[in-house]
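Trainee: I have a new model open on my screen and would like to talk it through. Could you help me read it?

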Amino acid sequence: MPHPPHTPDGAPPDPAETHRANLPLPPPEPVDPDLGPELAPGERPERQWPVLVAISLGGGLGAAIRYGAIVVWPTPAGAFPWTILAVNAAGCAAMGVLMALLTEGWPDAPRLARPFLGTGMFGGFTTFSTYAVDAQTLFDGGSPGRALGYLALTVAAALAAVVGASWLTRSAVRLGRAEGSPA
């Protein structure tokens, strides 16, 4: 049985400063700017109510838009679920644009812009639960190859959409700044 790691002076390491590999821990994650600092013990979370309302309203709007896409472009039973793939990729692209704008082009955006649009609207618009159900339906319908293809294609499309849209938006913001236009 190996002995526990020790510091050079022979004392056991402080668990708050190390992890399993006896390496320093990364710095703590920043506090979500939409919520502000953590609540003190006994403090009431009134500051969070506007954020929760913004997320709820945005989520309802995003879900309604997704429903509209499904009504306009329905997927027949047993067919490849192109609508949900497109919805998820479009939602990820929109999230990439939003985050690039908020970090580079619009740093003084209203406090509720990110929870309303990002977590709410784009979170309600995308539907990775339907993606999982669609894959299971393809698999159960005797199309395991299409199900696996759908699983892989959706993840690849979503990642490519968020990375590509973010990169394009950041590039456009930087180009706009270089040409002197306010961005």
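Mentor: Happy to! One definition to begin with: a residue is buried under 20% relative accessible area, exposed over 50%, and partly exposed in between. Keep in mind that this is a predicted model.

Trainee: Thanks! Using those cut-offs, is Arg174 buried, exposed or partly exposed?

Mentor: The relative accessible area of Arg174 is 46%.

Trainee: Which residue forms salt bridges with both Arg170 and Arg174?

Mentor: Take the pairs one by one. In one of them, the closest N and O atoms of Arg170 and its partner Glu104 are 3.1 Å apart. In the other, Arg174 has its closest atoms 2.8 Å from those of Glu104.

Trainee: How many residues apart are Glu104 and Arg174?

Mentor: Glu104 and Arg174 are joined by a salt bridge. This pair links distant parts of the chain, with Glu104 in helix α2 and Arg174 in helix α5. Their separation is 70 residues.

Trainee: Is Glu104 buried or exposed?

Mentor: Buried means under 20% relative accessible area. Glu104 has 16%, so Glu104 is buried.

Trainee: Let me step back to the whole fold. How many helices and how many strands does the protein chain have?

Mentor: Running from the N terminus, the elements read α-α-α-α-α. The secondary structure therefore comes to zero strands and five helices.

Trainee: What share of the 183 residues is buried?

Mentor: The protein chain exposes about 11,900 Å², and carbon and sulfur atoms supply 70% of that area. Of its 183 residues, the buried share is 28%.

Trainee: Which element gives the largest share of the largest nonpolar core?

Mentor: That core has eight residues: Phe80, Ile84, Leu85, Tyr131, Ala135, Leu138, Ala147 and Tyr150. The elements that give two or more residues to it are α2, α4 and α5. The largest share, three residues, comes from α4.

Trainee: And how many residues are in the other core, the one that includes Met121 and Phe122?

Mentor: Leu98 and Ala109 are also among its members. This core lies apart from the largest one, and its residue count is six.

Trainee: Which helices do the buried residues of α3 pack against?

Mentor: Helix α3 spans residues 113-125, and its buried residues are Ala113, Pro115, Gly118, Gly120, Met121, Phe122, Gly124 and Phe125. They pack against α1 and α2.

Terms used: Residues are numbered from 1 along each chain as its sequence is written. This is a predicted model: local features need pLDDT of at least 70, side-chain atom pairs count only at pLDDT 80 or more; totals for chains, interfaces and linings use all residues. Side-chain values use heavy atoms; hydrogens and water are left out. Buried means under 20% relative accessible area, exposed over 50%, partly exposed in between (1.4 Å probe, protein chains only). Helices (H or I, at least four residues) and strands (E, at least two) are DSSP runs, numbered from the N terminus. Contact means heavy atoms within 4.5 Å. Accessible areas come from the Shrake-Rupley method with a 1.4 Å probe; for residues, only the protein chains shown count as cover. A salt bridge is a side-chain nitrogen of Lys or Arg within 4 Å of a carboxyl oxygen of Asp or Glu. A nonpolar core is a set of buried Ala, Val, Leu, Ile, Met, Phe, Trp, Tyr and Cys residues joined through side-chain atoms within 4.5 Å.
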